[in-house]
Amino acid sequence: MKLTGAQALIKSLEMEQVEVMFGLPGGAILPVYDPILDSSIRHVLVRHEQGAGHMAEGYAHATGRPGVCIVTSGPGATNIVTPLADAYMDSIPMVAITGQVATHAIGTDAFQECDTTGITMPVTKHNWLVTDVDDIPRIVREAFHVATTGRPGPVLIDVPKNISNAQMDWYWPDGVDLPGYKPTVTGHPRMIKEAALAIMAAERPIIYAGGGILKARAAEALRELAELTGIHVVTTLMARGAFPDDHPLCLGMPGMHGSYTAVMSMQRSDLLIALGSRFDDRVTGQVSSFAPDAKIIHCDIDPAELGKVRRPDVPIVGDCRLVIEALVKAVKHEIAKLPAGSPGRGDTTEWDGLLSEWRVSYPFRYQQEADGPLKPQFCIEQLRDRSPSDTIVAAGVGQHQMWASQFWRFNHPYTWINSGGLGTMGFAVPAAIGAKVGRPDKMVWAIDGDGCFQMTAQELVTASAERIPVKIAILNNAYLGMVRQWQELFYEERYSEVYLSPDLPDYVKWSEAMGCVAFRVDSPEDVGPTIDKANEIDDRPVVIDFRVDYREKVYPMVPAGGSNDSLILGPWAEMSADDRKAAGDPNAV
Amino acid sequence: MSANLQHHILTVLVENKPGVLARVSTLFSRRGFNIFSLAVGPTEDDRFSRMTIVVDLEGTTLEQVIKQLNKLVNVIKITELAPQAAVERELLLVTVSTKDGLRSSVVELAAIFDATIIDVGFEALTIMVAGTPDHLDALEELVRPYGIIELQRTGRIALPTLSRESTKLRSVKRRPA
């Protein structure tokens with residue numbers, strides 16, 4: 001069968017079971033857009049290529065399948081560099097297809113030419129410049145294999161225009177032949193045994209669960225391990241939902257804005273079981289004083305993560321799900337060796353008691369006065385309580401992201417989508433759209449900031465045009481809030497270039513102009529009823545502009561580069577429980 | 001000119017494809033690693049090339065270099081050679097001034113070093129010498145007083161010594177500091 005390169009490319013995507021791609025056409029990718037008309041693959045036409053990239057990421061987060069985006073050469077390609085870098089940091093499987101000028105024009109500074117493979121080399125797991133039309137099916141097959149196996153990540157295929165126009169004889173390769181790419185998936189049995197022995201002996205163990213749990217579809221296995229051993233679990237920003245927040249063993253998010261209990265449990269532990277986590281600086285704070293007494297078991301599918309930040313005592317290279325399943329078996333084997341009537345592994349009664357005490361004494365706190373300014377945390381709690389428990393939440397980057405992670409209760413895996421590593425403002429709206437495309441059966445809320453919203457809001461036009469009913473909650477405090485918080489705390493309240501205005505733009509009019517239903521909420525009593533109204537709408541996007549208190553800060557907080565022991569609890573910590581109760585704190589006990 | 005005694009040699013077998021050198025060098029700069037020298041050439045199998053990279057790194061950083069390099073899809077195999085476990089050779093070309101009738105003394109020096117005179121001008125000679133990096137260092141030092149007009153070294157290439165087993169990646173962690 002004779003096909004053009006373009007037809008072969010689309011057919012290859014169909015062979016890879018791609019159901020949707022996000023993109024925007026242009027000169028060099030024109031030939032590829034023609035066969036899209038005859039394909040079963042849905043194409044979502046975005047308004048800016050960055051949106052296409054983040055939608056592909058949101059889709060991949062929510063479904064576990066690789067997200068696909070397709071853009072033209074030059075500026076089309078450079079506009080997806082941010083999503084590629086984002087996906088690389090957060091290990092999101094993603095395949096980007098870019099048009100390129102004809103092979104004979106490469107290197108001549110032709111119109112809309114840029115060195116796409118060169119530019120994206122450091123932000124992709126691998127990339128390919130197609131120089132022979134016959135290579136297309138092989139490269140597509142390799143690209144999906146590399147993107148989805150091992151440590152997942154973004155890949156890019158750059159297709160010159162003359163290659164898409166050339167003819168080839170169609171074939172589909174049986175498999176891939178990549179001699180330099182063979183990820184290790186099963187953990188070394190000796191290391192698994194050592195890990196099991198360390199778990200049995202530990203008195204203050206903590207499971208430090210990272211995004212790798214979700215990538216490996218290991219949430220069930222993690223739960224089995226935690227329940228078998230009775231070890232408490234902290235879930236990093238990338239792992240929210242990997243272990244249910246309502247589970248008695250869940251301690252929530254550690255790190256710079258994590259809960260006191262999660263941060264301190266790691267600091268005081270004698271064994272950290274790091275599963276698919278990477279000792280990110282936002283989790284460890286100052287590395288030299290991080291969890292000083294802890295032995296480290298570190299499991300990751302990427303060998304380079306082991307020892308990158310902290311030298312593990314028990315390194316395990318492998319897929320999290322397979323390693324945890326093996327670990328469960330090994331621990332059961334050790335338990336079986338214990339004498340009859342033995343309580344199980346090492347005595348952790350004292351430790352468990354301390355953790356419960358911390359949890360009661362140091363919950364996340366805020367105070368919403370009935371006639372006072374609207375608090376962002378209150379809006380999030382109302383959203384949480386009035387939406388289905390398996391609602392998918394997408395966030396941008398900043399204060400709203402931290403509050404969302406702190407105050408939402410994540411009880412299902414794949415319900416939290418955010419830009420963790422790169423910290424890409426403007427991620428929420430397009431990521432939520434991608435997630436809704438992948439999971440149309442679920443309610444999808446983006447919790448966004450006013451600064452973030454202005455960066456990618458144009459994609460709501462895409463959502464309206466394509467009938468993708470996402471919901472956006474803007475926590476509008478009229479500031480670049482996280483930067484303001486740092487300027488307040490560390491720059492003597494010298495506020496430099498952080499004010500945005502609450503009503504310029506007019507978020508309601510803007511959203512309506514983009515085809516959305518929009519509401520504005522200024523007072524606490526309107527929050528609930530407005531959310532209920534929004535949740536009833538399922539045929540178009542909805543935006544709520546919550547006018548929230550700009551003075552609210554994210555606490556607890558570990559100052560940048562500081563030790564986790566120097567965690568700042570915030571103003572609520574200085575008040576007694578009685579004072580807090582009198583002030584209306586619902587969490588006061 | 002020589003790397004210090006702590007240097008390590010990575011011989012990296014890579015796929016012979018366009019852009020592979022760029023991937024390796026981008027990785028070094030992206031992760032903040034320094035390359036002391038780098039030589040690339042074909043191998044006995046035309047599907048592959050071999051890079052010989054000399055790095056002045058130790059311990060954790062060296063381990064990171066190797067692990068990050070291993071993640072590149074086009075990298076097939078990395079062998080890390082400790083200096084005592086490798087035979088190393090390098091090529092040097094140097095153009096030396098022979099003004100004031102000093103030609104014969106430069107030629108004499110070249111002979112001592114088993115170097116070859118590959119070009120002759122009225123007031124200069126170009127010498128080629130292959131050998132261990134130390135051998136090249138010595139010649140370089142001795143011709144300097146005559147006046148070096150231009151000098152070019154290839155960077156070393158290396159293979160494991162046959163007398164003992166090569167130090168493989170797996171043993172990196174266990175090497176005494």
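Trainee: Is the crossing of H9(A) and H14(A) left-handed or right-handed?

Mentor: A crossing is left-handed if the near helix is turned anticlockwise from the far one by less than a right angle, and right-handed if clockwise. The crossing of H9(A) and H14(A) is right-handed. Helices (H or I, at least four residues) and strands (E, at least two) are DSSP runs, numbered from the N terminus. A note on the source: this is a predicted model, where local features need pLDDT of at least 70, side-chain atom pairs count only at pLDDT 80 or more, and totals for chains, interfaces and linings use all residues. Residues are numbered from 1 along each chain as its sequence is written, chains are lettered from A and ligands numbered from 1 in the order in which they are written, and side-chain values use heavy atoms, without hydrogens and water.

Trainee: Which residues of H9(A) meet H14(A)?

Mentor: Contact means heavy atoms within 4.5 Å. In H9(A), A:Ile192, A:Ala195 and A:Leu197 are among them; in H14(A), the partners include A:Val323 and A:Glu334.

Trainee: Which residues of H11(A) are buried?

Mentor: Buried means under 20% relative accessible area, exposed over 50%, partly exposed in between (1.4 Å probe, protein chains only). In H11(A), residues 219–229, the buried ones include A:Ala219, A:Leu222 and A:Leu225. What covers the buried residues includes H9(A) and H14(A). After H11(A) comes A:Gly230, with a positive phi near 70°.

Trainee: Where does A:Ile41 lie?

Mentor: A:Ile41 is in the loop between helix H2 (30–36) and strand E3 (42–45) of chain A. A:Ile41 is buried, at 4% relative accessible area.
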